[in-house]
Amino acid sequence: MTEPTQAAMQPFTVDIDTATGAMPGARNRLVRRASDLKGYYADGAALERLITEGDDPLHYEVFEVPVPEEAGQLMYCISKLQAGRVGDECFMTKGHYHTVESTAEIYICLQGEGYMLMKTRDGQSSCERMAKGRMVYVPPFWAHRSANTSATEPLVSFCVYPGDAGHNYGDIQTQGFPVRVFDRDGRISVEEC
Ligand code: F6R
Ligand code: ZN
């Protein structure tokens with residue numbers, strides 16, 4: 001009889017409140033504040049004001065119950081992006097390619113609304129609307145960043161991606177994405193940069 005090759009890891013369960021994304025058993029909590037987003041927004045002076053006069057507010061958190069970062073595993077997390085504006089620009093994540101660029105990702109939006117901005121190295125660009133109950137499929141080779149368009153609610157997503165994917169923030173800070181998401185006096189506007 002053939003022995004299983006990976007018997008060391010046992011099955012497990014995790015409780016997730018699908019209305020809010022709360023995952024009480026999370027063991028990792030990554031926190032990004034406004035000061036971690038220097039260089040990412042169109043209006044750098046507005047970001048500085050937010051940091052110095054606005055008490056460096058929480059931007060987003062990523063909650064995980066980690067699994068080994070290996071091929072064959074499925075990494076998963078809750079991404080929670082706060083509502084807010086930097087000047088007129090909607091709060092957003094840094095955005096990244098996966099280090100192993102041939103790996104995809106699924107985002108299921110549990111709460112809030114926004115956009116997933118995506119781009120490829122050969123110049124393609126896409127912008128998909130995120131809303132509660134909607135899934136965004138980020139194909140292999142597409143860098144991805146989410147932006148929260150709500151004025152009040154966090155944008156909460158459940159994300160799943162291959163265990164060996166890794167994150168490459170490398171050129172995003174300098175290159176950005178082809179579009180930015182603004183709130184122009186209460187009207188959400190996706191604008192080419
Ligand atoms: C994982 C993934 C998300 C993001 C999270 C924070 O591959 O895409 O969990 O990591 O939304 O965004 P970044 O990593 O761009 O700061
Ligand atoms: Zn990703």
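The legends below accompany views of a predicted model of one protein chain.

**View 1. Overall fold and dimensions of the protein chain.** The protein chain contains two helices and 13 strands, and along its principal axes the C-alpha trace spans about 65 × 40 × 30 Å. Its radius of gyration is 17 Å, which agrees with the value near 16 Å that a compact globule of 193 residues would have. Among contacts between residues at least 6 apart in sequence, 70% join residues at least 24 apart.

**View 2. The largest nonpolar core.** Of the 193 residues in the protein chain, 43% are buried, and the largest nonpolar core comprises 46 residues, of which Tyr41, Val86, Tyr107 and Val136 have the most contacts inside it. Strand β3, covering residues 74–81, provides the largest share of this core, namely five residues. In soluble globular proteins, nonpolar side chains tend to be buried together.

**View 3. Surroundings of Tyr107.** Tyr107, one of the residues with the most contacts inside the largest nonpolar core, touches Met116, Met130, Met135, Val136, Val138, Phe158 and Cys159, and also Arg134, His144 and Ser157, when residues up to four places away in sequence are not counted. Val136, which is among these partners of Tyr107, is likewise listed with the residues that have the most contacts inside the core.

Terms used. Residues numbered from 1 in each chain as written. Chains lettered and ligands numbered in written order. Predicted model: local features only at pLDDT ≥ 70, side-chain atom pairs only at ≥ 80, totals over all residues. Heavy atoms only, no water. Helix = DSSP H or I, 4+ residues; strand = E, 2+ residues; numbered from the N terminus. Rg over C-alpha atoms; globule rule 2.2 N^0.38 Å. Buried < 20%, exposed > 50% of the residue type's maximum accessible area, 1.4 Å probe, protein only. Contact = heavy atoms within 4.5 Å. Core = buried A, V, L, I, M, F, W, Y, C linked by side-chain atoms within 4.5 Å.
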